[in-house]
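Okay, I'll keep this short.

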Amino acid sequence: MNEGLSRDIEVVIGANPPERLDKALARDVPEAAALSRSRLMRLIAEGAVTQGGAVVENAKARVAEGDVFLVRVGMPEELEAAPEAIPLDVVYEDDALIVVNKPAGMVVHPAPGTPRGTLVNALLHHCGDSLSGIGGAKRPGIVHRIDKDTSGLLVVAKHDAAHHGLAAQFEAHSAERRYLALVFGVPSAADPRLNGVKGVNFEAGGLLKITTRLERHKFDRQKQAVFFDRGRHAVTRARVVQAFGTPPQVALVECRLETGRTHQIRVHMAHVGHGLIGDPTYGGKRKPALKALPEVGIAAMAGFPRQALHAASLGFTHPVSGEALRFEAPLPADMQALLDALGGPLG
């Protein structure tokens with residue numbers, strides 16, 4: 001491996017590790033390294049994992065809490081995002097920032113699997129040189145992001161001062177982020193099952209509060225999982241806006257983020273047994289009572305192609321003028337059609 005094109009990632013084994021080296025590394029490698037267990041197994045076989053200067057080549061080697069390993073990986077190829085004439089739904093724009101309503105299916109920034117067709121490519125075309133260098137070549141102007149298959153509002157900075165000012169607000173959790181989600185079941189304080197779920201409590205007005213820590217899944221590094229002894233602090237509040245079915249089987253839920261972790265709403269709602277409709281990763285296998293919903297609603301849920309999640313509101317203080325700004329984006333057509341189908345007459 002070319003020394004000039006590689007880097008060492010330190011992995012410290014945490015408490016109660018899996019017995020095998022590959023599994024322990026996959027659990028405890030820093031999230032930013034984005035190393036799957038299969039990739040780590042290849043690196044072990046290539047002699048790229050060392051402990052105390054000695055190469056460790058046995059993926060089944062036993063490990064202990066506190067063990068320190070160095071994983072040498074090749075530097076990723078730099079992705080230079082190119083401007084592309086992709087239409088944007090611009091909600092607000094001035095010299096410091098731009099707020100866009102991202103459609104479902106659009107990736108926010110380029111990655112090895114999606115080098116083109118991203119929001120960044122569209123922004124570079126729309127904004128010209130004003131985004132150049134802000135936030136790095138791969139993510140110019142990006143302050144926060146939403147998943148590819150989540151629709152809704154994002155704010156993007158046009159210069160360094162705006163980027164720093166907005167990033168500080170998201171870091172301090174002072175920016176308002178309100179999402180709408182369609183979930184299986186109806187979260188309720190009257191549900192004794194919910195009262196027994198760790199990390200759950202109800203605030204005034206029946207507001208569901210979910211407090212956990214989130215960290216990458218032990219074995220599937222593309223997923224996040226709930227923990228209470230490690231990971232990043234995560235808080236979601238949710239309230240039911242509308243219930244569907246007789247008796248109720250599905251709910252439109254408003255979720256507000258106190259923190260903004262990867263997949264947070266999707267993981268938290270699944271944790272409390274109310275996974276999102278259409279979510280292939282966290283939605284679970286919960287099935288509504290078919291006779292309780294319209295046939296057209298059942299069909300619409302079964303065919304919904306993405307997680308039913310929309311970033312509906314975004315509020316923050318303008319990083320230059322100090323003005324309080326708040327924006328809303330209506331439900332996209334696919335989610336509105338799903339709502340209409342669920343609210344149709346019973347057969």
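Let's begin with Arg 326. Its relative accessibility is 41%, so it falls in the partly exposed class. And please keep in mind throughout that this is a predicted model.

So what does Arg 326 form a salt bridge with? The partner is Glu 176, and the closest N and O atoms sit 3.0 Å apart. Arg 326 belongs to strand S15, residues 324–328, while Glu 176 belongs to strand S8, residues 176–184, so this pair ties together parts that are 150 residues apart in sequence.

Over the whole model, the count comes to 22 salt bridges.

Let me show you two others. Glu 203 forms a salt bridge with Lys 209, with 3.9 Å between the closest N and O atoms. The cut-off is 4 Å, for those of you wondering about that one. Glu 203 is partly exposed, at 27% relative accessibility.

Then there's Arg 266 with Asp 279, where the closest N and O atoms are 2.9 Å apart. Arg 266 is in helix H6, residues 264–271, and Asp 279 is in the loop between H6 and helix H7, which covers 295–302; the two residues are 13 apart and the pair links distant parts of the chain. Are these two buried or exposed? Arg 266 is buried, with a relative accessible area of 6%, and Asp 279 is buried as well, at 7%.

Okay, backbone. The peptide bond going from Thr 246 to Pro 247 is cis, with omega near 0 degrees. Pro 247 sits in the loop between strand S12, 232–244, and strand S13, 250–257.

Next, a couple of histidines. His 173 has a positive phi, near 60 degrees, without being a glycine. You'll find His 173 in the loop between helix H4, 160–171, and S8, and at 32% relative accessibility it is partly exposed. His 263 also has phi near 60 degrees, and its place is in the loop between S13 and H6. How covered is His 263? It counts as buried, at 17% relative accessibility.

Last stop, helix H3, residues 119–127. How many of its residues are buried? The answer is 7 of 9, so by that count H3 is mostly covered. Among the buried ones are Leu 119, Val 120, Leu 123, Leu 124 and Cys 127, and Asn 121 is on that list too. What do they pack against? Three strands: S5 at 90–93, S6 at 97–102 and S7 at 151–157.

Both ends of H3 have something to look at. At the start, a side-chain oxygen of Thr 118 reaches to within 3.3 Å of the backbone nitrogen of Val 120. Just after the helix, Gly 128 takes a positive phi of about 65 degrees.

Methods: Residues numbered from 1 in each chain as written. Predicted model: local features only at pLDDT ≥ 70, side-chain atom pairs only at ≥ 80, totals over all residues. Heavy atoms only, no water. Salt bridge = Lys/Arg side-chain N within 4 Å of Asp/Glu carboxyl O. Helix = DSSP H or I, 4+ residues; strand = E, 2+ residues; numbered from the N terminus. Buried < 20%, exposed > 50% of the residue type's maximum accessible area, 1.4 Å probe, protein only. Contact = heavy atoms within 4.5 Å. Polar contact = N/O pair within 3.5 Å; in protein donor to acceptor, adjacent residues only side chain to side chain.
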